[in-house]
Amino acid sequence: CEKPGVGSPMPRNKRAREPRELPALQEGSVRQKRRASEEDYRSLCRSTQDGELHAHKDTLSCAAAGCNVCAYRLVVKPYVASASEAKFRQNARPQECLRLRLAADGAHADTGGLYQGARRILTLGDGDLSFSLALRRALPPVTQLVATTHLSRAELDRAYGEALVAKTVDELRARGAQVEHQLDATRLDLGVLGEPFERIIFNFPCVASADGDVSADGQHAEMRANLELMRAFFRHAPRLLAAGGEVHVTHKTKPPFSHWRLVDLVESEEPPVELHYTGRVVFDPALYLGYAPRKVATAAGSFPTGDAVVYVWRGLAARAAGQAGESTLNPALRDADVWFDADASPLAQRCRKVAEREGVPPSGGKEIGKERAGEAKRKQGARQGPGPASLAAPEPRGAPGGRFPMSARVSGPHCVQLTAALLDLVCERSLIL
């Protein structure tokens, strides 16, 4: 999502345009992509209009410290309402995230990302099991983890190497995880897996390519098969959830992945699926140290995840019973009007020191006044109308260099709510030249 789709012409007139109402177009269509490149491509990937886009506090803190990897992960396509002609820094490689540099120095530890506090977790189709291993290393021994792969052990050995697979599986089991191979995510049995789960995680689900090319995941040609896979999974998953349990599906959002329409898929099922959509969280692999997303059945094929999000559903039974639990996204926290100051967080301060030491351009390469930042917020509010997406941050309490502070409304134990105004501020503070 860092450039317009193939075949999308660049705008002929680069002068700033006044926002205007346009008729809706089908997401992912040629006309929609053309309009996106001319108006604001960010709307395709990081729309905040429904008020249900969130991020982990660590991701925002890292961006506030000047990490352009995290800034791009938050906004995907840089855009500033008050500076249509702005030029932006080039994106860096994911390995250059300030938190990963801290981790290399032994000054930052993985704490389990979105899964801190969960007591029983199931990971599905975990390619080389690196995500499961990252969780097992980060979470306390009291957390029960069941890690599964779609491939058999023999297929894993052929794809990733027998020695590497053995090392990963041995460490998982030594740390108390249960490891199961050749499990179908649509036909799971608690008799094999044990008790119900608080979290079921399915990262980047996808069928293999129909032409037998294991280096490519099925997308356009296998769209029907992918949708059937997800329908079957969503119908089956609620049976495995404990009271208050959640289903997390991590997926990319740019075409052709946007055609999956996972939220609509669940809501349109008949009979209704026993899941309630609570929102989506920007996916941040730096929260899971050592995790390497892989394509189906290949060790060589990795893929970019800068546009990915974690979709979160909660079991309807828990919702009907009024059971709150430790939800990933909690509306009650947003209603409490609690704000998180990313600039003042200990993580941002540590990341800022790394940036200074290694010569990373400081956050806010261009001095930004309160008046200009406020104008960006007013313009975004006018474009999106009233509601959660246009909420402004509190008055500044003092950010580095006297700049407008990067504050966000708390929306969960580890999450904050993203708004269009905040994404503009991320661009202003961390990406604009």
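Strand 7 (residues 275-282) is largely enclosed by the rest of the structure, because seven of its eight residues are buried (buried: under 20% relative accessible area; exposed: over 50%; partly exposed in between; 1.4 Å probe, protein chains only). The model is predicted: local features need pLDDT of at least 70, side-chain atom pairs count only at pLDDT 80 or more, and totals for chains, interfaces and linings use all residues. Residues are numbered from 1 along each chain as its sequence is written, and side-chain values use heavy atoms, with hydrogens and water left out. Helices (H or I, at least four residues) and strands (E, at least two) are DSSP runs, numbered from the N terminus.

- Nine strands make up an open sheet of mixed pairing, in the order 4-3-2-5-6-8-7-1-11 (two strands pair if DSSP finds at least two bridges between them).
- Strand 4 (178-180) and strand 11 (415-417) are the edge strands, each pairing on one side only.
- On average, neighbouring strands of this sheet are turned by 25° against each other, direction ignored (axes are lines fitted to C-alpha atoms, for helices over the stretch in contact, and angles run from 0 to 180 degrees between N-to-C directions).
- Helix 6 (residues 130-138) packs on the sheet and touches strand 2 (120-124), strand 3 (144-148) and strand 5 (contact: heavy atoms within 4.5 Å).
- The direction of helix 6 makes about 160° with that of strand 2.

**Strand pairs**

- Strand 6 (residues 241-251) is mostly covered, with nine of its 11 residues buried.
- Strand 5 (residues 197-203) runs parallel to strand 6 and is joined to it by six bridges; phenylalanine 202 has valine 249 in strand 6 as its bridge partner.
- Strand 6 is also joined by six bridges to strand 8 (residues 309-315), and these two run antiparallel; histidine 248 stands opposite valine 312 in strand 8.
- Seven bridges link strand 7 and strand 8 in the antiparallel sense, and tyrosine 277 has tryptophan 313 in strand 8 as its bridge partner.
- Strand 1 and strand 7 pair in the parallel sense over two bridges, with valine 281 in strand 7 as the partner of histidine 54.
- Strand 1 (residues 53-56) is joined to strand 11 by three bridges, antiparallel; there histidine 56 has cysteine 415 as its bridge partner.

- Helix 7 (residues 153-160) has Leu156, Asp157, Ala159 and Tyr160 buried, and the cover over its buried residues includes helix 8 (162-174).
- Arginine 224 is placed in helix 10 (residues 223-236) and counts as exposed because its relative accessibility is 70%.
- The C-alpha atoms of arginine 224 and tryptophan 260 are separated by 9.5 Å, while the two residues are 36 apart along the chain.

**Cavities**

- The whole structure contains five cavities of 30 Å³ or more (on a 1 Å grid over the protein atoms alone, a cavity is a set of points where a 1.4 Å probe fits but cannot get out; lining residues have an atom within 4 Å of a point).
- The second largest cavity holds about 50 Å³ of space (grid points are joined across faces, edges and corners, and a volume is the space filled by probe spheres set on the points).
- Residues lining the second largest cavity include Tyr115, Arg199, Glu326 and His414.
- By class, this lining has four nonpolar, four polar and two charged residues (Ala, Val, Leu, Ile, Met, Phe, Trp, Tyr, Cys and Pro count as nonpolar, Asp, Glu, Lys and Arg as charged, and the others, Gly among them, as polar).

How values were computed. 1 Å grid on protein atoms, 1.4 Å probe; cavity = no way out; pocket = protein on both sides within 12 Å on 5 of 7 lines; lining within 4 Å.
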